[in-house]
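Hello,

Here is the structure I promised to pass on. Please open it before reading my notes.

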Amino acid sequence: MERDKNFILGVYDDEDVLLDAISKVRGSGVKIHEVYSPFPVHGIDDVLGYKRSKLPIAAFLFGILGTTLALVMQFYMMKIDWPMIIGGKDHAAFPDFIPVTFELTVLLAAFGMVGVFMIASNLKPWGQPRIFDIRITDDKHVMAIDLAVNSSLEESQLSDVLKNSGASEVNFKSFE
Amino acid sequence: MGHSTTNYNLDQKFDFTAGLKKSILTVLIIGAVILAAGILMAALGGGHDEAHAEGGHAFHWYQRLFANLWINNVYFTGIAVIGVFFFAIQYAAQAGWSAPLLRIFLSFGYWLPFAGVIMIVSYFIVGHDIFHWTHKSLFDLSSPDYDKIIDGKGAFFFWPLEKGTFPAFFIIRMVFFFGAWVLFFNKLKNLSYKEDINPGNQSWFQIRKWSALFLVFFAVSSSISAWDWVMSIDTHWFSTMFGWYVFASWFVAGLSAMTLVTIFLKERGYLEMVNANHIHDMGKFVFAFSIFWTYIWFSQFLLIYYANIPEESVYFIERMESDVYSPFIFVNLALNFFLPFLVLMTRDAKRHGIFLKVICSLIILGHWFDFFLMVQPGTLGQNGGFGLMEFGMLLVFGSLVTYVVLNNLSKRNLIAKNHPMLEESYHHQI
């Protein structure tokens with residue numbers, strides 16, 4: 001069976017049931033593809049065993065890029081390209097550069113972080129987000145399990161695991 | 001996270017052991033010895049150094065001692081009042097995460113009565129050597145020292161009396177601010193202790209009301225006290241940001257001190273419900289307000305630098321062109337901005353006690369240097385500096401404040417056990 005195509009979905013009504021269920025499902029050796037919920041659930045990344053996001057590193061690097069660009073730009077403009085005396089200061093008056101440097105650092109860090117997040121979460125404009133169950137935008141939590149990844153277990157076994165963990169319904173979903 | 005049903009021991013009291021008292025006392029004695037050594041060296045060495053006379057006044061070694069006393073007292077007054085301020089903030093913001101830490105914040109207020117007495121008494125002893133505006137001849141039209149600018153500002157100190165006599169308005173403000181701070185502190189403290197006896201939300205609502213009133217009062221009084229006690233040293237000079245600048249410096253130092261006490265108690269096994277999430281929040285405050293302080297410091301500097309008006313830029317010229325003070329400007333920025341900014345940037349650094357302990361201690365030292373730079377150049381001119389006297393006095397004040405705070409913290413329950421938001425704080429997760 002091909003990976004990332006056929007899923008079995010457990011639908012949960014309550015986030016506390018969901019948190020317990022994740023531990024139970026993982027405890028029985030099933031690998032969870034992803035869990036979708038309509039709002040942030042505290043502690044869900046811990047029970048899913050997710051590593052810490054690398055997004056802050058991206059933000060830091062984009063921030064550094066902003067700092068560098070801002071300083072280089074101002075230095076080039078004020079010292080090399082068109083030197084001007086402002087307020088009797090040196091052409092490259094460093095303290096004057098700080099506000100612009102700060103702004104560009106924040107701007108690039110923010111934009112960079114949002115951009116990286118969009119691409120990493122497949123929310124890019126040309127991306128095709130996969131909707132496992134439309135109710136995850138309303139009031140249901142959905143746990144998706146890739147059948148191919150868990151091929152050692154029968155579909156009925158997976159279904160039992162989900163039901164026993166407190167899922168209110170179990171569905172199948174295939175993507176082209 | 002989850003549904004812990006742990007029953008925490010809420011009646012815990014902090015045991016201020018004899019061993020702890022002894023260590024604090026040892027620091028106090030070491031500080032006193034260093035201070036005495038510094039005084040001796042200054043008295044014997046530079047006491048008659050009249051060659052460096054500034055502005056017609058011969059410099060005496062005791063002026064340096066006086067300036068030192070003023071630096072430390074203003075600084076630690078700030079840390080004390082920030083404890084009450086931060087406590088009030090929690091109520092005004094209806095914050096739940098900090099419920100088990102509230103008594104720690106509040107206990108810093110116990111230093112306020114001491115600080116008030118020291119400041120008022122010491123004004124009468126050291127005021128004339130610190131504040132240029134206390135010189136009578138400045139207001140005397142017939143004197144060659146007559147100063148039109150200071151004469152114009154005179155009423156701010158001397159009203160309703162004659163300029164150059166007794167600074168009634170100044171003293172009234174000092175007494176009033178300390179009096180009101182102590183009253184607010186007492187009110188909040190009593191309400192918080194009353195809550196231990198009477199469960200329910202009533203105390204919480206009352207504390208919130210008094211907190212809101214205190215915050216409004218503190219907003220005004222912190223600024224005015226900064227002008228009075230610090231900015232008026234450089235009498236000609238003024239900055240509209242100064243109130244915020246002093247407040248920001250106090251706030252970071254106070255937050256660092258509160259974080260240190262929290263970690264200290266946690267390491268000794270108290271505050272079971274306080275976990276990495278609460279420590280993380282304290283770390284965030286230290287990190288964020290270090291940046292806030294830098295923002296204020298730099299805004300004040302940049303405007304003055306850019307406009308380059310002599311009457312404004314003299315403040316920075318006095319500090320930056322001086323061999324004595326210019327290195328400390330960089331020490332100030334390194335300890336109070338670059339260090340916390342770079343070290344506390346990551347999540348892990350804010351969640352682990354060891355980073356916070358080092359950074360918070362250095363920040364407390366760093367903001368002492370900030371006040372050092374505010375006070376010394378205007379009072380001592382080129383005769384100042386950081387030596388034994390300064391270091392000793394810092395240790396003396398630091399250990400006294402620590403003693404008073406911990407001693408009073410140990411007298412009551414460490415945790416406000418009937419605080420309605422304790423349950424919320426157990427589940428705090430960030």
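Bear in mind that the model is predicted.

Helix H8 of chain B

This helix covers residues 202-229, 28 residues in total. At 1.5 Å a residue, H8(B) should span 40 Å, and its end C-alpha atoms are 38 Å apart, so the two values agree. H8(B) does have a kink of about 30°, centred on Phe218(B). Phe218(B) is also one of the buried residues of the helix. Others on that list include Trp204(B), Ile207(B), Phe214(B) and Trp229(B). Several serines are buried too, among them Ser211(B), Ser221(B) and Ser222(B). The buried residues of H8(B) pack against three helices of chain B: H2 (61-92), H7 (168-197) and H9.

Helix H12 of chain B

H12(B) runs over residues 326-343, which makes 18 residues. The bend here is about 40°, at Ala334(B). Buried in H12(B) are Phe328(B), Asn332(B), Leu335(B), Asn336(B) and Pro340(B). What do the buried residues of H12(B) pack against? Their partners in chain B are H9 (242-267), H10 (276-307) and H14 (353-380).

Domains of chain A

Chain A is divided into domain 1 (6-52 + 130-174) and domain 2 (55-120). Taken over C-alpha atoms, the centres of these domains are 44 Å apart.

Best wishes

How values were computed: Residues are numbered from 1 along each chain as its sequence is written. Chains are lettered from A and ligands numbered from 1 in the order in which they are written. This is a predicted model: local features need pLDDT of at least 70, side-chain atom pairs count only at pLDDT 80 or more; totals for chains, interfaces and linings use all residues. Helices (H or I, at least four residues) and strands (E, at least two) are DSSP runs, numbered from the N terminus. The expected span of a helix is 1.5 Å times one less than its number of residues. The bend at a residue is the angle between axes fitted to the seven residues ending there and the seven starting there. A residue is buried if 20 or more other C-beta atoms lie within 10 Å of its own, exposed if 12 or fewer, and partly exposed in between; C-beta atoms are placed from the backbone. Two residues are in contact if their C-beta atoms, placed from the backbone, lie within 7 Å. Domain bounds come from an automatic or database domain assignment.
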